[in-house]
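Open your viewer and get ready to select side chains.

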Amino acid sequence: MGSLLVFSSHQLPERDRFDLWRETASVGPGAVDVAHVDRRPFFGRVEWLPLGKIDAYRVSFSAATFTRSRRWIEWDGFDGFCFHINLNGRSETSRHRSRTVLDGFSATGHSYGQPFEAALVPAPGRYCESLNLVIPREEMLHKAPHAERCIGTLHADQPPLRLLSQYLIMLGNTPAEDSQLNQLAGNHVLDLLALLLGPTLDAEHEAKLHGLRAARLAALKRYLHDHHHHPKLSVTMAARALNISERYLHDLIAETGESFTEMVNRLRLERARRLLCDPKHRHLRIGEVAFTSGFNDLSYFNRLFRRRFGETPGTFKAEAHRGRDALHSPDAMETGHD
């Protein structure tokens with residue numbers, strides 16, 4: 001399986017919602033006992049994305065505790081690792097005699113082969129949000145032999161951690177159906193984890209060559225998606241925002257088969273096409289659409305638009321709204337009632 005699966009408490013009968021969720025959490029490797037400790041009704045949402053030999057989860061929860069006792073460990077025998085990236089709210093994890101508190105963006109991890117208790121404490125009126133990875137022991141130790149010792153001592157300011165979280169969010173937003181692509185993405189995730197947890201020299205080289213590069217390309221695509229409509233967007237601006245060199249940026253984007261300019265123009269043209277079709281923006285003139293999409297030269301915009309879509313922006317807009325107007329005309333509505 002390669003696609004994203006979503007499980008929400010809203011899918012369960014309200015009366016038995018928490019009991020059914022608790023029963024689900026007590027099945028399979030890494031089983032835990034869940035206790036609801038929120039004054040509000042229980043809420044849980046899990047997005048599960050299998051990435052080869054590891055599993056990625058994006059979760060939202062009301063206040064709750066999760067306990068993995070000796071009984072659970074003996075029952076399922078699973079001793080892999082859990083890696084937890086806190087996005088919103090506070091999480092507190094107790095294991096042995098240590099206690100780790102995460103508030104805001106930060107991360108920690110622990111072994112499923114040792115008892116632990118984790119508590120989620122959301123901010124008022126919100127839910128806790130986090131990214132979680134479940135990794136088989138042999139896979140993690142192959143990449144980072146000292147993972148057991150240092151997985152619980154991570155810092156939010158470690159650059160690979162932010163790249164890892166961005167990469168996981170991107171994978172969840174655009175899940176691949178191809179199992180081989182998901183296997184590759186899982187390897188990249190392991191590479192980034194290894195950089196955080198003390199890799200071997202070979203694993204560090206592999207991580208920088210593949211996992212780190214894939215995550216930086218994902219971050220670059222995300223940045224351009226979010227900022228392409230700014231008319232002054234440039235290679236210099238993007239490289240500075242991502243803390244990479246301009247040469248490295250060009251190297252990364254070349255892997256997509258497009259240049260920086262080609263990718264930005266494609267995103268701008270797609271934005272312009274959406275605006276031209278949208279009845280809420282029908283009042284915008286062609287020049288306004290061009291500027292809102294990031295172009296500051298109308299003739300250049302017209303030329304690129306015609307080359308990509310086969311007609312001028314004005315003709316495209318007129319035909320898009322002519323079809324919609326015909327569909328909602330009185331004659332069409334009368335015909336629909338016959």
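How many salt bridges does the structure hold? There are 14 salt bridges, a salt bridge being a side-chain nitrogen of Lys or Arg within 4 Å of a carboxyl oxygen of Asp or Glu.

Before you click, note that this is a predicted model, where local features need pLDDT of at least 70, side-chain atom pairs count only at pLDDT 80 or more, and totals for chains, interfaces and linings use all residues. Residues are numbered from 1 along each chain as its sequence is written, and side-chain values use heavy atoms, with hydrogens and water left out.

Start by selecting Arg 15 and Asp 16, whose side chains form a salt bridge at 3.8 Å, N to O.

Next, pick Asp 79 and Arg 137, which meet in a salt bridge at 3.2 Å, N to O. This pair links distant parts of the chain, 58 residues apart: Asp 79 sits in the loop between α2 (70-76) and β6 (81-88), and Arg 137 in helix α3 (residues 137-143). Helices (H or I, at least four residues) and strands (E, at least two) are DSSP runs, numbered from the N terminus. Is Arg 137 buried or exposed? Arg 137 counts as buried, at 18% relative accessibility, whereas Asp 79 is partly exposed at 36%.

Now move to helix α7 (residues 201-227), where Arg 222 and Asp 226 lie four residues apart, so about one helical turn separates them. Their closest N and O atoms are 3.0 Å apart in a salt bridge.

Finally, select Glu 258, Arg 266, Glu 270 and Arg 308 together to see a network of salt bridges.

Key. Buried < 20%, exposed > 50% of the residue type's maximum accessible area, 1.4 Å probe, protein only.
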